[in-house]
Amino acid sequence: MSGQKSDVEGNIAKLKQTMKLYPYGTSNKTEFINLTDRQYNTVHAMNEKFFDEINTLIQYEPTEIWDQEWIALAQDLGIEKGKAFAPDDRMNLYSLKLQKLRLPKRARLTSIQKKI
């Protein structure tokens with residue numbers, strides 16, 4: 001693969017022939033989706049939705065892909081495979097802290113100055 005524009009179609013075809021990527025534990029069929037000109041977000045939320053994203057992963061993926069330490073961390077957050085995720089006050093407090101972390105630096109300084 002040389003990276004020249006003229007090679008793009010051939011490189012895509014070669015990639016599709018050789019790459020195998022599919023959910024763990026399912027049939028080995030790779031589905032390629034053309035994302036050209038589509039907008040999508042690959043950055044995790046830094047608000048109350050962060051824990052929902054973790055829960056979605058835990059619910060979707062087979063348990064075998066997670067090591068016991070990761071599963072224990074998720075359980076400490078109230079996230080378990082096959083169970084509804086219902087954030088408690090502690091989780092809501094974590095969400096507030098996450099939101100503060102994502103504030104622009106100037107806004108963080110302003111809120112700190114108010115405490116002084």
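**View 1. Asn 55 in helix α2.** Asn 55 is found in helix α2. Helices are DSSP runs of H or I with at least four residues, strands are E runs of at least two, and both are numbered from the N terminus. This is a predicted model, in which local features need pLDDT of at least 70, side-chain atom pairs count only at pLDDT 80 or more, and totals for chains, interfaces and linings use all residues. Residues are numbered from 1 along each chain as its sequence is written, and side-chain values use heavy atoms, with hydrogens and water left out. Asn 55 has 14% relative accessibility, so this residue counts as buried. Buried means under 20% relative accessible area, exposed over 50%, and partly exposed in between, with a 1.4 Å probe and protein chains only. Leaving aside residues up to four places away in sequence, Asn 55 touches Ile 79, Lys 83 and Phe 85. A contact means heavy atoms within 4.5 Å.

**View 2. The largest nonpolar core.** Nine residues make up this core: Phe 51, Ile 54, Ile 58, Trp 66, Ile 71, Ala 74, Ile 79, Phe 85 and Met 91. Helices α2 and α3 (68–76) each supply at least two of its residues. The most come from α2, which gives three. A nonpolar core is a set of buried Ala, Val, Leu, Ile, Met, Phe, Trp, Tyr and Cys residues joined through side-chain atoms within 4.5 Å. Ile 79 touches Phe 51, Ile 54, Asn 55, Ile 58, Ala 74 and Phe 85, not counting residues up to four places away in sequence.

**View 3. Met 91 in helix α4.** Helix α4 spans residues 89–101 and holds Met 91. Met 91 counts as buried because its relative accessibility is 1%. Its contacts are Phe 51, Leu 77 and Phe 85, with residues up to four places away in sequence not counted. Met 91 and Phe 51 lie 40 residues apart in sequence; their C-alpha atoms are 8.4 Å apart in space.

**View 4. Leu 57 on helix α2.** Leu 57 also belongs to helix α2. Its relative accessible area is 36%, so Leu 57 is partly exposed. Lys 81 is 24 residues away along the chain, and 9.3 Å separates the C-alpha atoms of the pair.

**View 5. A nonpolar surface patch.** Leu 15, Met 19, Leu 21 and Phe 32 make a patch of about 350 Å². Patch residues have over 30% relative accessible area and no salt bridge; like charges are joined within 9 Å, and nonpolar side chains (Val, Leu, Ile, Met, Phe, Trp, Tyr) within 5 Å. A salt bridge is a side-chain nitrogen of Lys or Arg within 4 Å of a carboxyl oxygen of Asp or Glu. Areas come from the Shrake-Rupley method with a 1.4 Å probe; for residues, only the protein chains shown count as cover. Leu 21 sits in the loop between α1 (8–18) and α2 (49–60). With a relative accessible area of 58%, Leu 21 is exposed.

View 6. The scale, pLDDT, is the predictor's confidence in each residue, from 0 to 100. For the chain, mean pLDDT is 76, with 77% of residues at 70 or more.
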